Amino acid sequence: MRVQAAGGANSARTTSGIGADFPVPFGGKIQVNKVLVPATDPGKFNLQIDGATAGTGDNVGDGGTTGAIAVSAGTSTSPGATHTVSEAAGTGADLASYTTTYSCAKDGTAPITGTGSGPVTLTVNKDDSWVCTFTNTRKDLCAGVTCTA
């Protein structure tokens, strides 16, 4: 039995003439970036998509990125898929030593912004391209006091 396209974008018909709807999978992309303030801060972070370190986002410092990672965006019969982005402390980093903000935008739209390391929930639709940036600013642990080594 061979399957061939029928009249609609979301249907197919076998050579025997039996019609059936087959969901067509959709895809999108998510990229997570890291910014450290100051840029010379030695902290390393793991950039995550759906709770797992993604792409080249393992133990990255300032300027690190996952790269654009392909993710599900649902199907033709059930469009859209929910994904999360977050960060976790890597080598030499303690999240409590930083003030963390994030900004996530898709395809030039107004960004979703907030504080914390996530998870941040995103809805990815067909061909969406999300870019999220986590910015970690080192807290001045000695503000108003005298620090000694």
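# A tour of rings and a disulfide

Select Lys-34 and Phe-45. Lys-34 lies over the face of the Phe-45 ring, 4.5 Å from the ring centre. Keep in mind that this is a predicted model.

**Stop 1: Phe-45**

Stay on Phe-45. Its relative accessibility is 0%, so Phe-45 counts as buried. Now turn to the aromatic pairs; there are 2 aromatic pairs to visit. Phe-45 and Tyr-98 make an edge-to-face pair. Their centres are 5.3 Å apart, with 75° between the planes. That angle is over 60, so the label is edge-to-face.

Colour the strands next. Phe-45 sits in strand 5 (residues 45–49), and Tyr-98 in strand 9. The two are 53 residues apart in sequence, so the pair ties together separate parts of the chain. Is Tyr-98 buried or exposed? Tyr-98 is buried, at 4% relative accessibility.

**Stop 2: Tyr-102 and Phe-134**

Select Tyr-102 and Phe-134. This aromatic pair is tilted, with 6.0 Å centre to centre. The planes make an angle of 50°. That value falls between the 30 and 60 degree limits, so the pair is neither stacked nor edge-to-face.

Tyr-102 has a relative accessible area of 15% and is buried. The cut-off is under 20%, so Tyr-102 falls within the buried class. Phe-134 is also buried, at 0% relative accessibility.

**Stop 3: the disulfide**

Now select the cysteines Cys-104 and Cys-132. How many disulfides does the whole structure hold? A search finds 1. Cys-104 and Cys-132 form the disulfide, with their sulfur atoms 2.2 Å apart. Show the S-S bond and read the torsion. The angle about the bond is 125°, and the link is right-handed.

Trace the chain from one cysteine to the other. Cys-104 belongs to strand 9 (residues 98–106), and Cys-132 to strand 12 (residues 129–138).

Finish with a surface view of both cysteines. Cys-104 has 0% relative accessibility, so Cys-104 counts as buried. Cys-132 is buried too, at 0%.

**Last view**

How values were computed: Residues numbered from 1 in each chain as written. Predicted model: local features only at pLDDT ≥ 70, side-chain atom pairs only at ≥ 80, totals over all residues. Heavy atoms only, no water. Disulfide = S-S within 2.5 Å. Helix = DSSP H or I, 4+ residues; strand = E, 2+ residues; numbered from the N terminus. Buried < 20%, exposed > 50% of the residue type's maximum accessible area, 1.4 Å probe, protein only. Phe/Tyr/Trp six-rings, centres within 6.5 Å; stacked < 30°, edge-to-face > 60°. Lys NZ or Arg CZ within 6 Å of the ring centre and 35° of its normal.
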